[in-house]
Amino acid sequence: MTVCSKQFSNSNSGACGTHNYASPEQLSDSTLKTIDYKSDIYSLGIVFLQLIHDMNTVMEINRTLKDCKKLILPKEFMLKHPSITELLLKTLSNDPHNRPTISVIFIILGIQRVIRKNKNSLPSR
């Protein structure tokens with residue numbers, strides 16, 4: 001299901017997206033909300049959970065996604081991935097200002113160093 005609170009426009013204040021991945025501010029009825037990259041960080045957190053945590057049924061996926069929006073993660077996930085749990089909870093914060101930037105996420109995951117190391121070896125276009 002796609003969520004759109006008004007007709008699609010180029011502004012950053014409209015709410016469009018898939019409901020399961022939509023951030024709280026995208027689902028809010030407030031006309032004063034701002035949709036920016038922090039909304040994408042929220043969605044990334046949900047995708048990240050799906051990539052790392054094994055879910056076998058549609059019912060399990062729906063329950064897990066509903067719970068993660070309330071900052072409730074599966075116990076087995078938290079036990080197996082304690083450091084990732086902390087990062088994931090930050091990406092799923094209801095307050096966009098508390099969500100990390102993608103640069104911080106890369107640093108926490110150790111990706112920044114790899115990107116910098118290979119930056120000059122990327123093929124030119």
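First, a word on what you are viewing. This is a predicted model, in which local features need pLDDT of at least 70 and side-chain atom pairs count only at pLDDT 80 or more, while totals for chains, interfaces and linings use all residues. Residues are numbered from 1 along each chain as its sequence is written, and side-chain values use heavy atoms, with hydrogens and water left out.

Let us start with the overall plan. The protein has seven helices and two strands, and reading along the sequence gives the pattern β-β-α-α-α-α-α-α-α. Helices here are DSSP runs of H or I with at least four residues, strands are runs of E with at least two, and both are numbered from the N terminus. Of the 125 residues in the protein, 29% are buried. A residue is called buried under 20% relative accessible area, exposed over 50%, and partly exposed in between, using a 1.4 Å probe and protein chains only.

Now find helix 2 (residues 37–52) and helix 3 (residues 58–68), whose axes come within 11 Å and cross at roughly 140°. These axes are lines fitted to C-alpha atoms, for helices over the stretch in contact, and the angles run from 0 to 180 degrees between N-to-C directions. Helix 2 and helix 3 are therefore oblique to each other. For such angles, under 35 degrees counts as roughly parallel, over 145 as roughly antiparallel, 65 to 115 as roughly perpendicular, and the rest as oblique. Helix 2 passes helix 3 in a right-handed crossing, a term used if the near helix is turned clockwise from the far one by less than a right angle, with anticlockwise giving a left-handed crossing.

Stay with helix 2 for a moment, and look for Ile41, which has its place there. Ile41 is buried, at a relative accessible area of 4%. Its C-alpha lies 9.7 Å from that of Ser93, although Ile41 and Ser93 are 52 residues apart in sequence. Phe48 is also in helix 2, and this residue is partly exposed, with a relative accessible area of 21%. Between the C-alpha atoms of Phe48 and Thr91 there are 9.7 Å, with 43 residues separating the two along the chain. Asp36 and Pro96 are 60 residues apart along the chain, and their C-alpha atoms are separated by 9.0 Å.

Next come the charged pairs. How many salt bridges does a search of the whole structure find? There are two, where a salt bridge is a side-chain nitrogen of Lys or Arg within 4 Å of a carboxyl oxygen of Asp or Glu. One of them joins the side chains of Glu25 and Arg99, at 2.7 Å from N to O. Glu25 lies in helix 1 (residues 24–27) and Arg99 in the loop between helix 5 (82–91) and helix 6, so the pair ties together parts that are 74 residues apart in sequence. Glu25 is buried, with 9% relative accessible area, and Arg99 is buried too, at 2%.

The side chains of Glu86 and Lys90 also meet in a salt bridge, at 3.6 Å from N to O. Glu86 and Lys90 are four residues apart in helix 5, so about one helical turn separates them. Lys90 is partly exposed, with a relative accessible area of 36%.

In the loop between helix 3 and helix 4 (75–80) you will find Leu71. Its phi is near 65°, a positive value in a residue other than glycine. Most residues other than glycine have a negative phi. Leu71 is partly exposed, at 37% relative accessibility.

Finally, back to the patch. Val104, Ile108, Leu109 and Ile111 form this nonpolar patch on the surface, with about 280 Å² of accessible area together. Patches are made of residues with over 30% relative accessible area and no salt bridge, joined within 9 Å for like charges and within 5 Å for nonpolar side chains (Val, Leu, Ile, Met, Phe, Trp, Tyr). The areas come from the Shrake-Rupley method with a 1.4 Å probe, and for residues only the protein chains shown count as cover. Val104 lies in helix 6 and is partly exposed, at 37%. Leu109 has its C-alpha 9.5 Å from that of Ser83, which is 26 residues away along the chain. Ser83 belongs to helix 5 and is exposed, with a relative accessible area of 54%.
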